[in-house]
Structures are given as C-alpha cells and as structure tokens.
Amino acid sequence: MKSLLNRQARNGVAATEAAILLPAFALLSFAAIESANAIYLQQSLALAAYEVASVIEDDNASFEVAQDRCTAVLESRDIMSHDLSIIPEPNALVSGDVFSISVSAPATTYSIGPSFFFQEAVLNANVIGVRH
C-alpha cells in the first residue's frame with residue numbers, strides 16, 4: 001500500500017513539473033523559430049539590395065527596373081511587403097557617382113505566429129555602390 005502511495009505522489013510531482021516546464025519549452029522553441037525567420041528575412045533583404053546594386057552599377061537602369069529586380073528577388077523568397085530606397089535617383093547617375101540602396105521590411109512579414117517577439121521591428125539592408 002505504501003509503494004502505491006509513493007508512486008502516485010511521484011506521478012503528481014511529474015505532472016506538476018511538466019505543467020511548469022512545458023510552457024517555458026514551448027516559448028523557447030517558438031522564440032528560436034521566430035529568430036531564425038528574422039535572420040532569413042535579413043539575409044533576403046541583403047541579397048535584394050546587392051542585386052539592385054548590381055543592376056544599377058552596370059546598366060543604365062531606372063528606378064522601375066531596380067524595383068522590379070528587388071521585387072522579383074524577394075517574391076521568390078515569399079516576402080511580399082518591402083520598401084526600396086535609392087539615393088540619388090538612378091536616372092541622374094553618371095559614371096563614377098556613388099549611390100546608396102536601402103531595402104527594408106517589417107519583421108512580422110515572415111513571422112509564422114503572433115508577432116510579440118518582433119512587434120514593431122523593421123529590418124533593413126543597406127548597400128553603397130559606384131556607377132561604372
């Protein structure tokens with residue numbers, strides 16, 4: 001009889017431990033997934049910025065061509081919401097001019113759940129280039 005009571009007490013302790021630790025493990029797992037998604041988004045923005053820079057460096061490209069290239073790169077990675085900024089306007093650039101590209105997107109763009117980890121965060125990638 002005594003061993004049966006001990007076994008039930010141990011089961012009760014295990015259930016209590018699980019009830020305390022399970023939410024913490026779930027939160028930790030969800031945070032890791034959201035952080036990995038934010039890193040993926042940051043790398044995608046950097047890739048898009050470099051692609052736009054290569055278009056502007058070599059070609060006599062307009063802002064629309066650069067925007068199309070940026071959109072194509074990001075949409076291929078399932079990122080639909082982004083902003084592109086090019087200073088100065090690509091049409092005004094001549095050989096040897098320096099330009100700056102900034103591609104940004106809200107961190108919640110690629111989030112898979114409630115966005116309480118990166119609520120207001122906007123990720124940004126910047127590239128500086130020279131027109132050839």
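This note reviews the strands, core, salt bridge and surface of a predicted model.

1. Basis. The model is predicted, so local features need pLDDT of at least 70 and side-chain atom pairs count only at pLDDT 80 or more, whereas totals for chains, interfaces and linings use all residues. Residues are numbered from 1 along each chain as its sequence is written, and side-chain values use heavy atoms, with hydrogens and water left out.

2. Strand pairing. Strand β2 (residues 98-106) pairs with strand β1 (residues 83-87) in the antiparallel sense over 5 bridges. Strand β2 also pairs with strand β3 (residues 122-130), again antiparallel, over 9 bridges. Pairing requires at least two DSSP bridges between the strands; strands (E, at least two residues) and helices (H or I, at least four) are DSSP runs numbered from the N terminus. V103 is the bridge partner of L84, and A125 in β3 is the bridge partner of V103.

3. Nonpolar core. The largest nonpolar core has 24 residues, of which L45, V52, I56, L84, I101 and V103 touch the most other members. Helices α1 and α2 (63-75) and strands β1, β2 and β3 each supply at least two residues, and α1 gives the most, with 8 residues. Such a core is a set of buried Ala, Val, Leu, Ile, Met, Phe, Trp, Tyr and Cys residues joined through side-chain atoms within 4.5 Å; buried means under 20% relative accessible area, exposed over 50%, and partly exposed in between (1.4 Å probe, protein chains only).

4. Contact means heavy atoms within 4.5 Å. Leaving aside residues up to four places away in sequence, I101 touches A49, V52, A53, I56, L84, S85, I86, A125, N126 and V127. N37, found in helix α1, is buried because its relative accessible area is 15%. Beyond its neighbours within four places in sequence, N37 is in contact with Y110 and I112.

5. Salt bridge. The structure holds 1 salt bridge, defined as a side-chain nitrogen of Lys or Arg within 4 Å of a carboxyl oxygen of Asp or Glu. The side chains of R69 and E51 form this pair at 2.8 Å, N to O. The pair links distant parts of the chain, with R69 in helix α2 and E51 in helix α1, 18 residues apart. R69 is partly exposed, with a relative accessible area of 32%, and E51 is partly exposed at 24%.

6. Surface. L21 lies in helix α1 (residues 2-58) and counts as partly exposed because its relative accessible area is 43%.
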